[in-house]
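Trainee: Could you go through this structure with me? I have the sequence and the model open and would like to take it piece by piece.

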Amino acid sequence: MTTIEITPPFLTLGQFLKEAGLIDSGGAAKWYLGENSVTVNGAAEERRGRKLYPDDQVSVAGQTYVIVSV
């Protein structure tokens, strides 16, 4: 499990994909979510604006990430 550290209260799924290095720009988020399976806390998710909060778990590309606050 990999951690993604955030300082604001939340991070959008599109921002998360960029922080995790899965996409190069925020504009690629919509395409990426349409082509790949992404789950947030065990539920399938396709909305790039989905807010992620500390302790949320995101599974994508065979990897699980947990959001933590710093």
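Trainee: Which residue in S7 is the bridge partner of Thr-2?
Mentor: The bridge partner of Thr-2 in S7 is Tyr-65. Keep in mind that this is a predicted model, in which local features need pLDDT of at least 70, side-chain atom pairs count only at pLDDT 80 or more, and totals for chains, interfaces and linings use all residues. Residues are numbered from 1 along each chain as its sequence is written, and side-chain values use heavy atoms, with hydrogens and water left out.

Trainee: How many bridges join S1 to S7, and do they run parallel or antiparallel?
Mentor: Five bridges join S1 to strand S7, residues 63-69, and the two run parallel. Strands here are DSSP runs of E with at least two residues, helices are runs of H or I with at least four residues, and both are numbered from the N terminus. Two strands pair if DSSP finds at least two bridges between them.

Trainee: Where is Asn-41 found?
Mentor: Asn-41 is found in the loop between S3 and S4, and its phi is near 55 degrees, a positive value in a residue other than glycine. Asn-41 is partly exposed, with a relative accessible area of 45%; buried means under 20%, exposed over 50%, and partly exposed in between, using a 1.4 Å probe and protein chains only.

Trainee: What about Asp-55, buried or exposed?
Mentor: Asp-55 is exposed, with a relative accessible area of 63%. Asp-55 is placed in the loop between strand S5 (51-52) and S6, and its phi, near 80 degrees, is also a positive value in a residue other than glycine.

Trainee: Switching topic, which residues does Phe-10 touch?
Mentor: Leaving out residues up to four places away in sequence, Phe-10 touches Lys-51, Leu-52 and Tyr-53, where contact means heavy atoms within 4.5 Å. Phe-10 and Leu-52 are 42 residues apart in sequence, yet their C-alpha atoms are 5.4 Å apart in space. Phe-10 is found in the loop between S1 and strand S2 (11-12), and is partly exposed, with a relative accessible area of 30%.

Trainee: Stepping back, what is the order of elements in the whole chain?
Mentor: From the N terminus on, the elements of the protein chain run β-β-α-α-β-β-β-β-β, which comes to two helices and seven strands.

Trainee: And how many of its residues count as buried?
Mentor: Of the 70 residues of the protein chain, 31% count as buried. Among its contacts with a separation of 6 or more, 49% come from residues 24 or more positions apart. The C-alpha trace spans about 30 × 20 × 20 Å along its principal axes.
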